[in-house]
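Welcome, and take a moment to turn the model around before reading on.

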Amino acid sequence: MKKIVIFGTGDIAQIAKYYFEIDSPYQVVAFTVDKDYIQEVQFEGLPIYPFEEIERHFPPNEYEMFIALSYANMNKLRALKFQQAKEKGYRLVSYVSSKCTYLSQFNCGENCFIFEDNTIQPFVKIGDNVTIWSGNHIGHHSRIAAHNFISSHVVISGHCVLESYCFLGVNSTIGHNVTIAEGTLVGAAAVITKDTEPYSVWVPPRSVLLDKKSTDLKL
Ligand SMILES: CC(C)(COP(=O)(O)OP(=O)(O)OC[C@H]1O[C@@H](n2cnc3c(N)ncnc32)[C@H](O)[C@@H]1OP(=O)(O)O)[C@@H](O)C(=O)NCCC(=O)NCCS
């Protein structure tokens, strides 16, 4: 089994270790975070090493790495650590769930994490450092650029482009042939049918609170 070090000690790192263990050819051997963020000696039963000196303990010619961070700062923190790990000489590994329907002819880039129940249609291209949580549809001929986060039950229709540093909230929908510009934040359940401007924010109307109790209604 190929041995990897995971950057991070939060929920995403815990989840990544779990998936790598049950459904990948990779064995997680340690965690790493920036020295100032080390609070314990171990996480999930494995040692934690300072990122500043990680290559001394786990040389990049023997070990690979996975950056397990979320969408903080519109994915820019994950992008920074991705870049720093590359500069240290690491190859970043990707995970594609065996329960993902991956029909594209093109492999995804490095440091991607693609969960179960995703449908990745033919001719889709996925760049580096893209998280695709569970249950999304990525339509044919769409291009997902580097450093994106697609949450869950998102529909990206055919021939779309998702430029870098975007966040697509749960149950959001992107219509056919739409370009989502860099840094766009699409809120939960928003529907986008036209190209967006960089760093724009889209939200649907809020749900209405009725002046009733659930017990007043007949289901
Ligand atoms: C878009 C989103 C990020 C806004 O976050 P939020 O916690 O609702 O933010 P707030 O309630 O603090 O609102 C921020 C601002 O946006 C406005 N806003 C948020 N949702 C709005 C809506 N539906 N309609 C109108 N205005 C809205 C608020 O009025 C507020 O404006 P103000 O600062 O001028 O008062 C959030 O609604 C969302 O969709 N999050 C994604 C959830 C998700 O998919 N998570 C998956 C994680 S894996």
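## A guided walk through the model

Let us begin with strand β16, residues 161-162, which runs parallel to β19 and is joined to β19 by 2 bridges. Here helices (H or I, at least four residues) and strands (E, at least two) are DSSP runs, numbered from the N terminus, and two strands pair if DSSP finds at least two bridges between them. Within this pairing, V161 stands opposite T179 of β19. Stepping back, β16 and β19 belong to an open sheet of 4 strands with parallel pairing, in the order β10-β13-β16-β19. Its edge strands, β10 (125-126) and β19 (179-180), each pair on one side only. Strands of a sheet pair through backbone hydrogen bonds, either parallel or antiparallel.

A word on how to read all this: the model is predicted, so local features need pLDDT of at least 70 and side-chain atom pairs count only at pLDDT 80 or more, while totals for chains, interfaces and linings use all residues. Residues are numbered from 1 along each chain as its sequence is written, and side-chain values use heavy atoms, with hydrogens and water left out.

Grid points are joined across faces, edges and corners, and a volume is the space filled by probe spheres set on the points. The structure holds 1 cavity of 30 Å³ or more, and the largest cavity has about 80 Å³ of space. It is lined by 14 residues, of which I12, F66, L69, F113 and T131 are the closest to its centre. Two or more lining residues come from each of α1 (11-23) and β5 (64-67), and α1 gives the most, with 3 residues.

Counting a side-chain nitrogen of Lys or Arg within 4 Å of a carboxyl oxygen of Asp or Glu as a salt bridge, the total comes to 6. In one of them, K81 meets D34, with the closest N and O atoms 2.9 Å apart. K81 lies in α3 and D34 in the loop between β2 (26-33) and β3 (42-43), so the pair ties together parts that are 47 residues apart in sequence. With buried meaning under 20% relative accessible area, exposed over 50% and partly exposed in between (1.4 Å probe, protein chains only), K81 is buried at 6%, and D34 is buried at 18%.

Another salt bridge joins E64 to R91, again with 2.9 Å between the closest N and O atoms. E64 sits in strand β5 and R91 in the loop between α3 and β6 (95-96), so this pair ties together parts 27 residues apart in sequence. E64 is buried, at 16%, whereas R91 is partly exposed, at 37%.

Notes:
On a 1 Å grid over the protein atoms alone, a cavity is a set of points where a 1.4 Å probe fits but cannot get out, and a pocket is an open set with protein on both sides within 12 Å along at least five of seven lines; lining residues have an atom within 4 Å of a point.
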